[in-house]
Amino acid sequence: MNLQASTSPKSLATVDYANLLQPMGVDIGNGQLKLVTTNGETRTESYVYYLTERSTDTVKGYVEYQDGDRSDLIGKQWIGGLNAYYNGLNSIYRVTDDKQGKPQLGLQIFLSALSEFPHRDVWNVALAVSVHDSKTLGSALKRALEGSHGVRSRNKTTRVNIKVVAGLEEGTGAIITYQKQADTTNAILYDLGNGTLIVSSFNGMKMTDRKYSQNGGVEKLFDQIATHDAIREKLLKEGDRHLIRKGIEAQTFTYGTQYPDWNFEAVYREELPRWVKDVLSPTVRPWDDRRDSATALIAVGGGAELPGIEPLLSKKNIKVLSDPLWANARGLYTLATRKVAATEAR
């Protein structure tokens, strides 16, 4: 497929998708987008804040969509990532807020993340992506990402040409990453995401079964903490889910910057086992009959990095291998690299 593109935002030249030089793997999570490229790795909050007018500064995550195949975005400006939260606070759009959030916001957050790398006039991207339900969302996500996009960020214009070379169910990338660390002959993968909990079985690289819950990811734990009596008593309101998540990720359990002598660790320690019992266990339990013959039980996703979760998982012999947050994105990048190499070898 050839699209018209060029160095000028308003004029386009032919882009040959048979010569894609930049493999990338992107995991568009409900909490964070993880992007792996030959230039390095970056992650950004899955937030978007739309602006009513052009920004003249170089704020991180700012993008203006000038022209391209996403006609619905032409003329729009936004800030993606953490700065969306700082600038928009309660006016931000979050991937986790909508079941269609990944197709609706995926390109915007991807372009914001890409703007963090050194500037290029043109990016020709061979992209491997994943989604928690490829049957219902895969085509929509591909349509949202693929094509030619003329954008401005950090006061510079660039052309981003995207070809989606692989669209996989979430977790498949992690199996690619871990295939040398675990026996995946008959593996069960537990993907503990921000907005979803997914359990998948694999025979080698082939997914053989899959079930997911879209109403009980780690976000549910943040909700439990935010609405806890002790939190509301201290703050005189519900807690901010973003600040709670950042405090947990830092393992300091601090809440923002204005409460240096207080943290919510006691509430977290109380709510984590309840989340495991009420939210995680019902997702895991239907797979108990398969566990006896499983060659590997592996946990991935941001939820696998929760403080104190590893001992609870180990009671079920579920292992947390290295860098579970990045496993899926790195596997997607590996696949994109293979696709590009195969194309160049022809």
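The largest cavity holds about 60 Å³ of space. Keep in mind that this is a predicted model.

How do we find such gaps? Rolling a probe the size of a water molecule over the atoms shows where empty space is left.

So what lines the largest cavity? The lining is made up of Asn30, Gly31, Tyr47, Arg94, Thr96, Asn194, Glu219, Arg241, His242 and Arg245. Sort those by class. Five are polar, four are charged and one is nonpolar. Which element gives the most to this lining? That is H7, with three residues.

How many cavities of 30 Å³ or more does a search of the whole structure find? Two.

Now the largest pocket. About 490 Å³ of space lies there. The lining has 33 residues, and the closest to the centre of the pocket are Leu192, Gly301, Gly302, Gly303 and Leu325.

By class, this lining has 13 polar, 11 nonpolar and nine charged residues.

Which elements each supply at least two residues of the pocket lining? Two are strands: E4, residues 32-37, and E13, residues 187-192. Three are helices: H5 at 218-226, H7 at 241-250 and H11 at 327-345.

H7 comes up again here. The largest share of the pocket lining, three residues, comes from H7. For the largest cavity, H7 also gives the most, again three residues. Find that helix on the screen, and you have a place to start looking at both spaces.

Note on methods: Residues are numbered from 1 along each chain as its sequence is written. This is a predicted model: local features need pLDDT of at least 70, side-chain atom pairs count only at pLDDT 80 or more; totals for chains, interfaces and linings use all residues. Side-chain values use heavy atoms; hydrogens and water are left out. On a 1 Å grid over the protein atoms alone, a cavity is a set of points where a 1.4 Å probe fits but cannot get out, and a pocket is an open set with protein on both sides within 12 Å along at least five of seven lines; lining residues have an atom within 4 Å of a point. Grid points are joined across faces, edges and corners, and a volume is the space filled by probe spheres set on the points. Helices (H or I, at least four residues) and strands (E, at least two) are DSSP runs, numbered from the N terminus. Ala, Val, Leu, Ile, Met, Phe, Trp, Tyr, Cys and Pro count as nonpolar, Asp, Glu, Lys and Arg as charged, and the others, Gly among them, as polar.
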